[in-house]
Amino acid sequence: MSAAANSMKIIKEGIKRVVIAVLDPNPRVHGEGVRKLREAGIEVKVGVLEREARALNEAFFKFMETGLPFVILKLAVTLDGHIADSRGNSKWISSDAARAFVHKLRGEMDGIAVGINTVLMDDPMLTPREVHPARVPRRFVLDSGLKIPLTSKVLDVPPPTVVVSGTNHDKERKKALEERGIEVWVQERAAVDIEAFLRRAGE
C-alpha cells in the first residue's frame, strides 16, 4: 500500500496518534504522508528506532540517497591473506559452511559481479544452488578487453549475463556475444570504471 493510501486509511479510521521510525527517502513521497496526517489533526512522532529501521532497509536507503546499489563484498582468503594457494588454486580455500552462506546470499541478491580473471580461472556459473526458493541474480562480468571465452558457463544461464567492457575491446568478440543475447556495456575509457558500472547497474 502506498504512503498516501496508508495516510487516508489512518485518517478514515480515526486514529489519533501515529509513530513512525523513519521517513521514506524516496523524494517523490518523502514526508507526504506525515504532512497529510498532521493536516488532519493527527499527532505524528517521527524518529522512533530510526537507526534500527534504516539498518533493516539499508539497501533501499543506500540506493535512494546515492543512486548506487548496496554492495556486499564476498572474499575467501588463505590464512596468509591471499585469494589462492601457492599453486594458484582458489578451489577450495573456504569451508562448506562459508560456501553454503554464499549461495544463500546469491539467492537474495539482484545482481552478482566478478572480474574477468575469476571467469578465466574458475569458469563459474554464479548461480545460487541448494537454496529454495531462490532468485537467480543478474550476472555481470567486468572485462575491459572482452577476453571472456564464448564457452564460459556464466554465459549459458538465464537471465542473460551482462559483460562490461572498456573502449579497447575485441569488436568481433562483442558481436559474437551480442548474437548470443549477451548484453555488452561499453564504457568510455579503456579500463572498467567501477563506480560508473555500479551507477548504471543501479539504474
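Modeller: Two notes before we start. The model is predicted, so local features need pLDDT of at least 70 and side-chain atom pairs count only at pLDDT 80 or more, while totals for chains, interfaces and linings use all residues. Residues are numbered from 1 along each chain as its sequence is written, and side-chain values use heavy atoms, with hydrogens and water left out.

Colleague: Why is arginine 99 called buried?

Modeller: Buried means under 20% relative accessible area, exposed over 50%, and partly exposed in between (1.4 Å probe, protein chains only). Arginine 99 has 18% relative accessibility, so it counts as buried. Arginine 99 lies in helix α5. A helix here is a DSSP run of H or I, at least four residues; a strand is a run of E, at least two; both are numbered from the N terminus.

Colleague: What makes the link between arginine 99 and aspartate 96 a polar contact?

Modeller: The term needs a pair of N or O atoms within 3.5 Å; within protein, one must be able to donate a hydrogen and the other to accept it, and residues adjacent in sequence count only if both atoms are side-chain atoms. The side chains of arginine 99 and aspartate 96 are joined at 2.4 Å. That contact qualifies.

Colleague: Why is leucine 75 called exposed?

Modeller: Its relative accessible area is 55%, so leucine 75 is exposed. Leucine 75 is found in the loop between α4 (58–66) and α5 (96–106).

Colleague: What makes strand β4 largely enclosed?

Modeller: Strand β4 covers residues 138–142, and four of the five are buried, so the rest of the structure largely encloses it.

Colleague: How do you know that β4 pairs with β3 and with β5?

Modeller: Two strands pair if DSSP finds at least two bridges between them. Five bridges join β3 (residues 111–115) to β4, and these run parallel. Glycine 111 has arginine 138 in β4 as its bridge partner. β4 and β5 (residues 162–165) have three bridges, also parallel. There, phenylalanine 140 stands opposite valine 162.

Colleague: What makes the β3, α6 and β4 unit right-handed?

Modeller: A crossover is right-handed if, with the strands pointing away from the viewer, the path from the first strand over the helix to the second runs clockwise. β3, helix α6 (residues 116–122) and β4 make such a right-handed β-α-β unit. β1, helix α2 (residues 32–39) and β2 make a right-handed one too.

Colleague: Which residues of β1 are on the covered face, and which on the uncovered one?

Modeller: Val18 and Ile20 are covered; Arg17 and Val19 are uncovered. In a regular strand the side chains alternate between the two faces of the sheet.
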